[in-house]
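Welcome, and thank you for taking a look at this one with me. Please have the sequence and the 3D view open while you read.

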Amino acid sequence: MPMWISTQNTVGFDHVILEEDDNAGVYIYVYETPASKTPEQDHLQDDLEMAQNACQEDFGIPRTSWHPFKGQS
């Protein structure tokens with residue numbers, strides 16, 4: 001499943017990962033600190049565009065800041 005990561009936001013989180021799931025939609029995983037081993041928040045949106053829009057609205061993440069991510073969410 002394709003994943004995307006951004007470290008840019010206006011609320012002070014360490015990073016946010018988007019994980020696309022063909023059956024469910026796009027999971028938004030919010031890691032609040034560099035020491036976070038699991039996300040403190042998770043949200044689900046219907047598709048990548050909706051997830052990026054929600055992240056821009058809720059966390060101040062610019063749409064241009066997303067990069068492909070090959071690690072684990």
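The numbered points below go from the whole chain to its sheet and then to single residue pairs.

1. To begin with, please keep in mind that this is a predicted model. The protein chain holds one helix and five strands, and along the sequence they follow the pattern β-β-β-β-α-β.

2. How do the strands line up? They form an open sheet in the order 4-3-2-1-5, with antiparallel pairing. Strand 4 (41-45) and strand 5 (67-68) are at the edges; each has a single partner strand, so one side of each has no neighbour in the sheet.

3. Two bridges connect strand 1 with strand 5: Trp4 is partnered by Pro68, and Ile5 by His67. Towards strand 2, strand 1 has four bridges, again in an antiparallel arrangement; here Met3 has Glu19 as its bridge partner.

4. Where does the helix go? Helix 1 (residues 48-59) lies across strand 1, strand 2 (15-21), strand 3 (25-31) and strand 4, and runs at about 30 degrees to strand 3.

5. Finally, the overall dimensions. A compact globule of 73 residues would have a radius of gyration near 11 Å, and the protein chain agrees, with 11 Å. Its C-alpha atoms fill a box of roughly 30 × 25 × 20 Å along the principal axes. Of the 73 residues, 36% are buried. The chain exposes about 4,600 Å², with carbon and sulfur atoms supplying 46% of that area.

Note on methods. Residues are numbered from 1 along each chain as its sequence is written. This is a predicted model: local features need pLDDT of at least 70, side-chain atom pairs count only at pLDDT 80 or more; totals for chains, interfaces and linings use all residues. Side-chain values use heavy atoms; hydrogens and water are left out. Two strands pair if DSSP finds at least two bridges between them. Contact means heavy atoms within 4.5 Å. Axes are lines fitted to C-alpha atoms, for helices over the stretch in contact, and angles run from 0 to 180 degrees between N-to-C directions. The radius of gyration is taken over C-alpha atoms; the globule rule is 2.2 Å times the number of residues to the power 0.38. Buried means under 20% relative accessible area, exposed over 50%, partly exposed in between (1.4 Å probe, protein chains only). Accessible areas come from the Shrake-Rupley method with a 1.4 Å probe; for residues, only the protein chains shown count as cover.
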